[in-house]
Every structure is written in C-alpha cells, then in structure tokens.
Amino acid sequence: MAGGTDNWPVVDLVDLLDVLELEEIASGRFRARNVTSTLPTTLGSQTLAQAVVAAERTVRHMAVQSMHGVFPRGGYADRAVDVDVEVVQSGRSLATAQVTFRQDGREHARVLTMLSVDEPDFLAHQAALPADVPGPQECADLPCALLPWEVRTFGGADALALDLAGPPSLDVWMRCDKAPDLPMLSRALLAHGSEGFLGPVTLRPYPQAEIARRGGRGRSAMLAQTVTFHRPFTVHDWLLLRCESPFAGAGRMYSRIQIFTRAGELVASADAQGLMRAQEPAAKA
C-alpha cells in the first residue's frame, strides 16, 4: 500500500484483551499467546502492550513510565510465547525492568521499561495543542483493522487514499470505551494503538503511482519503538494522535506521535524507526 490502512491485519478487541491476560507461571515469568490475525508473524504493537502488563504485574506498586522495544526478528503468530521479566533495579520511586519474548528458546522481541510511582510536579510545561485542530465531532471514521475501536480523522478514509498525496503528518482521534476502564489497560492499549500510524504517515507524501515508479513497496517492518507516558489518561475518552514523519531515507523511516486529551493535555509520546525498502528485482531464470 502507498499510504492507506486497508491491508492491515484484522484484530478483534475481545481477542486482544484476552491476549493481555498473561498466564503467570512464576514470579516474573508468564506464558502468552498472540492475537489471531492474517499475518503469520507476531505484531510488534501487541508485544508492546503485553510488555506493559508483564512489567506492571511484576513491579506491582509502580506504573510504566517509558518503554523502548526492539524487534530483532519476527515471532510466530501461531505459537505460544514465553515472557520473562528481569527487574534490573527497583527503588522507592523508580524501577527498571527488561521484558523478553521467546518462542522455543528463540528471542524475537525485547522491551526495556522504566516504572515509577506518581510524583508531584517540580517543573511543568508541555507542547501546546493548536486551537484549529478539528475535534472528533468534525472528523469522519477512518477504518483501521489493527485498531478495533473508534478512529476518526479529518476527511476520513480519503486522508490516506492510495492515489492521493499529502504532507507527512496526520491528526487522528481514537477512543475505546468497550474495554475495562483500568489505567494499566489504557497504557497497554495506547501502546498497541500508537504503532498503527507510524508507517502510513511516512508513506503519505507518495501516491501509489510514485511508489510504483520507485520500484514498488517491498519489505517493511518496525525495528524499534519508544513510548513514554507523561500523565494519567483513559482510552474511554477521545485521544488525539498528532503523527508526523520528520525523516525517511537510506531504507529507513522515522516517525513520532504526540498524544493529547480533548482538553489539550499532553499525556504520552511515541517514536519509532522502521525498515522500508523497494521490492527486490525478480530473479532471472
């Protein structure tokens, strides 16, 4: 695809919530499964969501503040996953935990998490949300198979139409009021949802004809992603994802997202680096 979301794997909300119910084998050790999708490999977005749950269930008196995930290879979607949490450091207000995902002894993802307790502000400032950003009531539905909840953007599906080009930026509203309203679950679902637009926003300046002229889109994959939670929030309320891609080149794409509440409070940030290459030429007979 050049910029749309129509070939994303279909994810069911009930299935995703079930996948986040990790089976605890021992302290810091869990057994998990993957969401049922059309892809044979594990979704990196699901891995980030599971890392939130695994870390907070291991360091129970703290919440994930920041997480950095790397995905050195693809996992198998049809196989169970061993999730191991190593508490690197734990103090009164901060902790660091490494969450590792393995199948048959083969590691396919690693997420380093920082957890903390709530602390009062010492300094306090944030990026401002422009007053002219269209609200969710002014936007149309944007069908996103990867995100099984309400998603809207100005212009709806036409904003990511394959035959149109636009700037490498996009404002997307989303909310999920059908999931339990739990802080840990809100963090996990936002971590899952933040990945979805990192690739499409990079591709947005290039209509389908331009992608074809460059050789056609070949291999693409998310290599590393960071998510930071700044303030408490709930996915039951509308959240605005301000997505942009400041750089693409050398077979890589870099994108970042700022997440605001409707009131303009910056509650989270995300950024990622991915692999994006042209199709390889067909081998000669």
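**Questions about a predicted model**

Visitor: What percentage of the 285 residues in the protein is buried?
Guide: The model is a predicted one. A residue counts as buried when its relative accessible area is under 20%. By that cut-off, the buried share of the 285 residues is 48%.

Visitor: How many helices and strands does the protein have?
Guide: The C-alpha trace that carries them spans about 55 × 55 × 35 Å along its principal axes. The elements in the protein are five helices and 13 strands.

Visitor: What is the radius of gyration of the protein?
Guide: For 285 residues the globule rule gives 19 Å, and the protein comes close to that, so it is as compact as a globular protein of that length. Its radius of gyration is 19 Å.

Visitor: What share of the contacts with a separation of 6 or more comes from residues 24 or more positions apart?
Guide: Contact here means heavy atoms within 4.5 Å. Among the contacts in the protein with a separation of 6 or more, the share from residues 24 or more positions apart is 69%.

Visitor: Is α2 roughly parallel or antiparallel to α3?
Guide: Helix α2 covers residues 44-58 and helix α3 covers residues 183-194. They pack with their axes 7 Å apart, at an angle of about 155 degrees. Angles over 145 degrees count as roughly antiparallel, so α2 is, relative to α3, roughly antiparallel.

Visitor: How many residues of the contact of α2 with α3 are nonpolar?
Guide: From α2 the contact includes Leu-48, Val-52 and Glu-56, and from α3 it includes Met-184, Arg-187 and His-192. Of the residues in this contact, three are polar and two are charged. The number of nonpolar ones is seven.

Visitor: Is the crossing of α2 and α3 left-handed or right-handed?
Guide: The two helices pack at about 155 degrees. Their crossing is right-handed.

Visitor: Is Cys-144 buried or exposed?
Guide: Cys-144 lies in the loop between β7 (140-141) and β8 (150-153). Its relative accessible area is 9%, and the cut-off for buried is under 20%. Cys-144 is therefore buried.

Visitor: How far apart in space are Cys-144 and Phe-197?
Guide: In sequence, Cys-144 and Phe-197 are 53 residues apart. In space, C-alpha to C-alpha, the distance is 9.7 Å.

Visitor: Which residues is Ser-116 in contact with, leaving aside its neighbours within four places in sequence?
Guide: Ser-116 lies in strand β6, residues 106-116. Ser-116 is buried, at a relative accessible area of 15%. With those neighbours left aside, its contacts are Met-62, Ala-63, Gln-65, Ser-93 and Leu-94.

Terms used: Residues are numbered from 1 along each chain as its sequence is written. This is a predicted model: local features need pLDDT of at least 70, side-chain atom pairs count only at pLDDT 80 or more; totals for chains, interfaces and linings use all residues. Side-chain values use heavy atoms; hydrogens and water are left out. Axes are lines fitted to C-alpha atoms, for helices over the stretch in contact, and angles run from 0 to 180 degrees between N-to-C directions. Helices (H or I, at least four residues) and strands (E, at least two) are DSSP runs, numbered from the N terminus. Angles under 35 degrees count as roughly parallel, over 145 as roughly antiparallel, 65 to 115 as roughly perpendicular and the rest as oblique. A crossing is left-handed if the near helix is turned anticlockwise from the far one by less than a right angle, and right-handed if clockwise. Ala, Val, Leu, Ile, Met, Phe, Trp, Tyr, Cys and Pro count as nonpolar, Asp, Glu, Lys and Arg as charged, and the others, Gly among them, as polar. The radius of gyration is taken over C-alpha atoms; the globule rule is 2.2 Å times the number of residues to the power 0.38. Buried means under 20% relative accessible area, exposed over 50%, partly exposed in between (1.4 Å probe, protein chains only).
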